[in-house]
Amino acid sequence: MKKTLKELKYSLYLSVHPFKGFWDIKYEKEGSLKTAIILLTMTILVTIAENVWTGYLFGGVSVHYNMLLTVSSLLFLYFAWCTANWCLTCLSDGKGTFKDIAIFTAYSMTPYIIIRLIMIVVSNTFILREEVFYNMLGGLSLTWVAFLLITGMLTTHHFTLTRTLVVLLFTLVGMIVIALLIVLVFAMLQEVLSFVSTVVDELLLRYS
């Protein structure tokens, strides 16, 4: 427990000292997959909380909010990012393993967790004229996470900045390809199941 709390505390340090932080996570064992899973879980919970408890003036969710869709979407984005990044870095001689990618990606979500919690609070206290400050917080959370992801890739894989940005671009393309493949597989499975169901119905009608 103490080790996990120490690693969670270190995620805060990493958020403001990313180069040293990611280096220490990879080579000094300041982070772990267990803590990464905790941070990923916290990211999902904060996103759900944001959808449920954001003030009405700032786009609070309706009673028909689908929590399962949020969970599945975030898990897909996380694993698609890790998979696409791992595949591309293997081809480009990156030094990070899939585990390293999974860890630095989850640790990069720390600012998102903190700022989004703040946004939930201020959305229930701000008036509509203060929306610009609310939107600035949202933009800050995403920009900060993007910066940490780039820094994490650069440090973990020992890439140059240019190479990191190129791999980042192709990672995003890879995520789209993965999404399309999943849709294609599900469509094919649906067709197969439909065909099997039709055949079974025909056989039951023929021999009934």
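# Helix packing and exposed loops in a predicted model

The axes of α1 and α6 come within 9 Å of each other and cross at roughly 95°. On the α1 side the contact is made by Ser11, Leu12 and Ser15, and on the α6 side by Thr110, Pro111 and Ile114. By class, the residues of this contact of α1 with α6 divide into 3 nonpolar, 3 polar and no charged. Here Ala, Val, Leu, Ile, Met, Phe, Trp, Tyr, Cys and Pro count as nonpolar, Asp, Glu, Lys and Arg as charged, and the others, Gly among them, as polar.

The model is a predicted one, in which local features need pLDDT of at least 70 and side-chain atom pairs count only at pLDDT 80 or more, while totals for chains, interfaces and linings use all residues. Residues are numbered from 1 along each chain as its sequence is written, and side-chain values use heavy atoms, with hydrogens and water left out. Helices (H or I, at least four residues) and strands (E, at least two) are DSSP runs numbered from the N terminus. Axes are lines fitted to C-alpha atoms, for helices over the stretch in contact, and angles run from 0 to 180 degrees between N-to-C directions. Contact means heavy atoms within 4.5 Å.

Helix α1 also packs against α3, at an angle of about 60° and with the axes 10 Å apart. That angle makes α1 oblique to α3. The contact brings Thr4, Glu7, Leu8 and Ser11 of α1 to Lys34, Thr35, Ile38 and Leu39 of α3. In this contact of α1 with α3 there are 3 nonpolar, 3 polar and 2 charged residues. The spacing of such residues can be read against a general rule: an α-helix has 3.6 residues a turn, so residues three or four places apart point the same way. As to handedness, α1 passes α3 in a right-handed crossing; a crossing is right-handed if the near helix is turned clockwise from the far one by less than a right angle, and left-handed if anticlockwise.

Attention now turns to helix α5. Of the 10 residues of α5 (residues 98–107), 8 are buried, so this helix is largely enclosed by the rest of the structure. Buried means under 20% relative accessible area, exposed over 50%, and partly exposed in between (1.4 Å probe, protein chains only). The buried residues of α5 are Asp100, Ile101, Ala102, Ile103, Phe104, Thr105, Ala106 and Tyr107. They pack against α1 (2–16), α2 (18–27), α3 (33–53), α4 (67–91), α6 and α7 (131–157).

With α7, helix α5 packs at an angle of about 150°, the axes being 9 Å apart. The two helices α5 and α7 are therefore roughly antiparallel to each other, and their crossing is right-handed. In this pairing, Asp100, Ile101, Phe104 and Thr105 of α5 meet Leu149, Gly152, Met153, Thr156 and His157 of α7. The contact of α5 with α7 has 4 nonpolar, 4 polar and 1 charged residues.

Ser123 lies in helix α6 (residues 110–123) and is buried, with a relative accessible area of 4%. Leaving aside residues up to four places away in sequence, Ser123 touches Trp53, Thr54, Gly55, Phe58 and Tyr134.

Arg129, in the loop between α6 and α7, is exposed, with a relative accessible area of 74%. Its C-alpha atom and that of Leu204, 75 residues apart along the chain, are separated by 66 Å. Asp93, in the loop between α4 and α5, is exposed at 57% relative accessible area. The phi of Asp93 is near 60°, a positive value in a residue other than glycine. His158 is located in the loop between α7 and α8 (161–207) and likewise has a phi near 60°. His158 is partly exposed, with a relative accessible area of 42%.

Lastly, the cysteines. A search of the whole structure finds 0 disulfides, a disulfide being a pair of cysteine sulfur atoms within 2.5 Å. The sulfur of Cys87 is 6.8 Å from the closest cysteine sulfur, that of Cys90, which is too far for a bond. Cys87 counts as partly exposed, at 37% relative accessibility, and Cys90 counts as partly exposed at 43%.

Notes
Angles under 35 degrees count as roughly parallel, over 145 as roughly antiparallel, 65 to 115 as roughly perpendicular and the rest as oblique.
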